[in-house]
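Reader: Could you walk me through how to read a model like this one? I would like the general idea each time, and then the case at hand.

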Amino acid sequence: MNVAVVFDGVLAAGLVWAAAGALLGRDRYRAVILFIVFGLLMTLAWVRLSAPDIALAEAAIGAGLTGALLLDALGGTTAATAGRARRWMVLPLAVTVAAVLAAVLRALPVRSGPLPDAVSAALPESGVTHPVTAVLLNFRGYDTLLEVAVLLAALLGVLGAVRHAEPVRLASAPVLQAAARVLVPLMMLAAGYLLWAGAHRPGGAFQAAAVLAAAAVLLALVGMISGWGRPSLRLRCAIAAGPLLFLAIAAPLAGRAALLVLPPQHAGLLILLIEAGLTLSLGFLLAGLFLALLRSDPVDTGKR
Amino acid sequence: MLEFASTALMLLGAGFFFAGTVGLLRFPDVYSRLHALTKADNLGVGCIALALALQADGLASALKLLLIWPLALLASAAVSYAIAERAHALGTPLGDAGADDPP
Amino acid sequence: MSELAAAVALFLLLNLAAALVVVARGPGAADRMLAALLFGTTGVAVLMLSAFVLAQSPVVDVALVLALLAAIAGIAFARRAWQATGHDDA
Amino acid sequence: MSATLLYALTGCALFALGLGATVLVTEPLRRVLAFNVMGSGAFLVFVGLAQRAGVSDPVPQAMVLTGIVVAVAATALALALIRRLERDDDDAR
């Protein structure tokens, strides 16, 4: 018990320290790498909060996508764009805000809301046995549908802001390609497993899609696939397929009592269908966020 | 017997991680720090995975734990190659603390 | 056994704190990245141990995903971010 | 103090740090990191607060899950906008 208390204390201190270092230090490499480390600590914190679904998503997105995005940007932006910083003012402001928030938070009454009981009561009707998946795909399915729309908008924004004359392809790295040839099939397998596992244990479309996207990021990094210039028609269809499938399933249900309430007798199958479509589309979508932003190799590569 | 092996492996794994951290703090250049790091990767994770696989409640969960080891090996091999190659390409010299930094 | 695993997990977390110091201190960009990679693998070990201590088998999946994707940040650093200056004071 | 409350309080600290840095630090890349830290803080408060009584609550967990995916999309969009700004600055020069 005591070990757990010390563990939580060290982890909480590490989180705050890593975040402060990432935001307040002067060196940009230090900032980005501390932020990657911060993501890993967040993964551990989610495990401690008994939220393995979030831990899975944080691990997959942090290690596979956010880190690569930021490191790629780090090589491209120069220190010249840095404005004059008022860093010394950040800490006093942060301490004040945190103190107020903490005071409010401690004043709140401790009791659990009605939601956990409501979810477990409705779980047998949902078609799956894992409560988080039931919430995501059944009870609050419209959240998930609209979230995909948000991601689609973000990708369109990225494609609009960054225009490449032609797709970027990094120099090929034969040794790393050999590693990628082993890792990528395993990532596909892991994505399939997570998708399947989502019905009865932590996992699901988001985590599976993040792992798929990470596979694409790896392939691009070792020079096996190109970045995106203008996505081809086939790619656009693949991205649209998941949300369209979701809509196609949602449309006939529109007349029922609430939005997107799945009929209990078919819910399990429908959820699996929706999740499979979403995994594919979200995988392309998330990969596209990186592949569209991929910079061409700088002139100064340091190669001799 | 199983209990004892598990305990020993767990402590050994912790020792490898400790050695890796000390190496990272004390070794003089990027290449030797890379060397220290990969020891922790390869052996630390391996020992812990093996120790927990011995305690696992089924074959499937034991195999899943043991799968983590080769993955860690592969990742560390690929990354240390990539970083060492880049360090070499940038002309990082041997045996000099923080050599990739201009003073 | 569970107490020992918890103690080892705490020890590894303290190791992580030491690695965090290396990330913050450097000196070079590569040293920071190496510390982050050590952070990743130690994190995998902490997750495996937590899965055992908390008796939560899904946490092993988290460790598996982390191990599977561990190479990406390191390769991205070496191929995309690390440049001749390696350091700046922005 | 329960562990979940500790994480909720940590979330407050992270949110405040992120807020301060988003407002006061002008370097674009740093601002992207700052709003991500702010988001992580909010997620911790959300889940930590909901589970203070010790019962795991799937509803905030599901929402945070979607939040994390949206955060990475927002990060990518912000990086794209930074790139565009830099290029426009170069063109103007």
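Author: Happy to; we will go from the conventions to one chain and then to single residues. This is a predicted model, where local features need pLDDT of at least 70, side-chain atom pairs count only at pLDDT 80 or more, and totals for chains, interfaces and linings use all residues. Residues are numbered from 1 along each chain as its sequence is written, chains are lettered from A and ligands numbered from 1 in the order in which they are written, and side-chain values use heavy atoms, with hydrogens and water left out.

Reader: How many helices and strands are there in chain C?

Author: Helices (H or I, at least four residues) and strands (E, at least two) are DSSP runs, numbered from the N terminus. Chain C has four helices and zero strands, giving the pattern α-α-α-α along the sequence. Its radius of gyration, taken over C-alpha atoms, is 15 Å, well over the 12 Å of the globule rule for 90 residues (2.2 Å times the number of residues to the power 0.38), so chain C is more spread out than a compact globule. The C-alpha trace of chain C spans about 50 × 25 × 15 Å along its principal axes.

Reader: What percentage of the residues of chain C count as buried?

Author: Buried means under 20% relative accessible area, exposed over 50%, and partly exposed in between (1.4 Å probe, protein chains only). In chain C, 74% of the 90 residues count as buried.

Reader: Which residues does C:Gly43 contact?

Author: Contact means heavy atoms within 4.5 Å. Leaving aside neighbours within four places in sequence, C:Gly43 is in contact with A:Leu44, C:Leu16 and C:Leu66. C:Gly43 lies in helix α2 (residues 29-53) of chain C and is buried, at 7% relative accessible area. Its C-alpha atom is 8.1 Å from that of C:Leu13, 30 residues apart along the chain.

Reader: And where is C:Asn15, and is it buried or exposed?

Author: C:Asn15 sits in helix α1 (residues 2-25) of chain C and is buried, with a relative accessible area of 5%. Not counting residues up to four places away in sequence, C:Asn15 touches B:Ala14, B:Phe17, B:Phe18 and B:Thr21.

Reader: How many disulfides does the structure hold?

Author: A disulfide is a covalent bond between the sulfur atoms of two cysteines. With the cut-off that a pair of cysteine sulfur atoms lies within 2.5 Å, the structure holds zero disulfides over all chains. As for cysteines, B:Cys47 is buried at 10% relative accessibility, and D:Cys12 is buried at 2% relative accessible area.
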